[in-house]
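Subject: Structure handover and notes

Dear colleague,

I am handing over the structure below, and my notes on it follow. Please read them with the model open beside you.

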Amino acid sequence: MTSPQLPRDTVQRVRTPVGHEAWLVTDYAHVRHLLDDDRLGRSHREPDKAARTGESALFGGPLGDFDTEAADHARIRKLLQPHFSPKHLRALAPTVEALTTGLLNELAEQGPPADLHARLALPLPILVICELLGVPYADRDQFRAWSEAVGNVRDQARSEQGLGELFGYGQQLVARKREQPGDDFISRLCADGLGDDEIAMLSMALLFAGHETTVSAIGMGALCLLVNPGQRQALVDDPGRIAIAVEEILRAPGRSGGGIPRYARTDLQIGEVTVRAGELVLLDNRAANHDPAVFPSPDRFDITRQGLAHLSFGHGVHYCLGAPLARIELQVVFSQLLARFPAMRLAVPVEQLRVRSDAVTGGLTGLPVEW
């Protein structure tokens with residue numbers, strides 16, 4: 001497999017937040033190519049010696065078995081694909097619409113000012129993933145706290161404890177579904193003949209990924225619309241633009257996300273840079289989403305933007321299985337939000353908003369609004 005020839009400054013030697021050396025790749029063409037390059041992986045031949053991106057037990061370092069990573073990934077993806085097909089996930093759309101309507105009704109009843117993060121961005125993805133997986137919504141405070149701990153990039157002990165608690169919770173859910181199966185993801189995995197521990201780990205990984213990332217996307221997307229009133233009004237005037245607008249909402253926030261971690265499985269050449277086997281490579285898809293060679297005026301938020309696809313969901317064999325569900329949620333959320341609250345505005349100066357720096361997924365800590 002050949003690598004595109006790119007300027008050297010798109011591949012830079014950096015140090016991660018924990019002081020380990022890595023290669024940071026920021027160019028769109030390069031990031032897209034390398035996301036689907038089997039010379040890079042999430043596992044490491046000597047995991048105890050591998051460079052780390054942070055202290056998160058699940059995301060800060062290597063994952064999986066070096067010798068079986070490709071086969072394991074293919075098997076799991078084949079297993080999960082039917083449950084995450086666009087057709088299957090589209091069947092959830094009426095549920096997403098009803099849940100969103102309910103949350104916006106509560107928002108209207110409460111009246112301004114309100115925290116859109118706490119009232120919409122946070123609860124909706126949790127409600128949806130609970131519906132999909134068959135997880136009791138009443139347990140949300142518990143698993144939300146554990147998920148936040150797992151994703152903590154600064155406190156390894158807290159992250160490891162959260163992962164243990166989340167896995168234990170998953171084991172309890174699997175045992176319950178074995179006795180009382182329902183029409184949900186965990187029950188169907190039980191019927192597929194998988195072991196309890198594997199089902200628990202898969203389900204809890206999906207529970208984390210299925211709500212944490214969408215919470216961030218809703219909050220940052222709402223912010224993009226609130227600080228770009230002309231774009232927001234264009235969407236209010238023409239709701240048919242929502243699908244394209246959501247792609248821009250997914251592309252636009254943040255010029256850098258630190259990079260998707262991969263480890264070189266062999267020596268390889270990236271442009272003029274030689275990467276040695278075992279070295280950490282960070283594929284910065286957010287920076288790639290702001291590559292001016294691909295996205296003209298990349299810092300401009302433009303809901304009519306056309307062209308190459310953003311890399312927010314990855315690319316190739318690792319493309320996010322939950323992408324169709326995320327798109328459904330975002331399209332429903334912003335369609336309803338703009339229709340119900342076309343005059344919504346920030347209740348504080350944008351400079352007062354804070355982005356989480358201690359979490360893998362980032363996102364806002366709060367989003368005060370009024371209308």
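At roughly what angle do the axes of helix α8 and α10 cross, and within what distance do they come? Before the answer, two remarks on the source. This is a predicted model, in which local features need pLDDT of at least 70 and side-chain atom pairs count only at pLDDT 80 or more, while totals for chains, interfaces and linings use all residues. Residues are numbered from 1 along each chain as its sequence is written, and side-chain values use heavy atoms, with hydrogens and water left out.

The axes of α8 (residues 156–179) and α10 come within 8 Å and cross at roughly 115 degrees; axes here are lines fitted to C-alpha atoms, for helices over the stretch in contact, with angles from 0 to 180 degrees between N-to-C directions. Helices (H or I, at least four residues) and strands (E, at least two) are DSSP runs numbered from the N terminus. The crossing of α8 and α10 is right-handed, a term used if the near helix is turned clockwise from the far one by less than a right angle, with anticlockwise giving left-handed. On the α8 side the contact includes L166, F167 and Y169, and on the α10 side it includes D196, D197 and I199, where contact means heavy atoms within 4.5 Å. By class, this contact has ten nonpolar, two polar and three charged residues; Ala, Val, Leu, Ile, Met, Phe, Trp, Tyr, Cys and Pro count as nonpolar, Asp, Glu, Lys and Arg as charged, and the others, Gly among them, as polar.

Helix α10 (residues 196–226) also meets helix α14 (residues 323–340), their axes coming within 11 Å and crossing at roughly 35 degrees, and this crossing too is right-handed. The contact is made by T214, A217, I218, G221, A222 and L225 of α10, together with A326, E329, L330, V333, F334 and L338 of α14, and these residues divide into nine nonpolar, two polar and one charged.

**Sheets**

Five strands form an open sheet of mixed pairing, in the order β1-β2-β8-β5-β3, where two strands pair if DSSP finds at least two bridges between them. Its edge strands, each pairing on one side only, are β1 (11–15) and β3 (40–41). Five bridges link β1 to β2 (residues 21–25) in the antiparallel sense, with Q12 having L24 of β2 as its bridge partner. In the hairpin of these two strands, with five residues between them, G19 takes a positive phi near 90 degrees. Strands β5 (residues 260–264) and β8 (residues 280–283) run antiparallel and are joined by four bridges, and P261 has L282 in β8 as its bridge partner.

A second open sheet is antiparallel, with three strands in the order β4-β10-β9. Here β4 (114–115) and β9 (345–346) stand at the edges with a single partner strand each, so one side of each is left without a neighbour in the sheet. Two bridges join β9 to β10 (residues 368–370), and R345 stands opposite E370 in β10.
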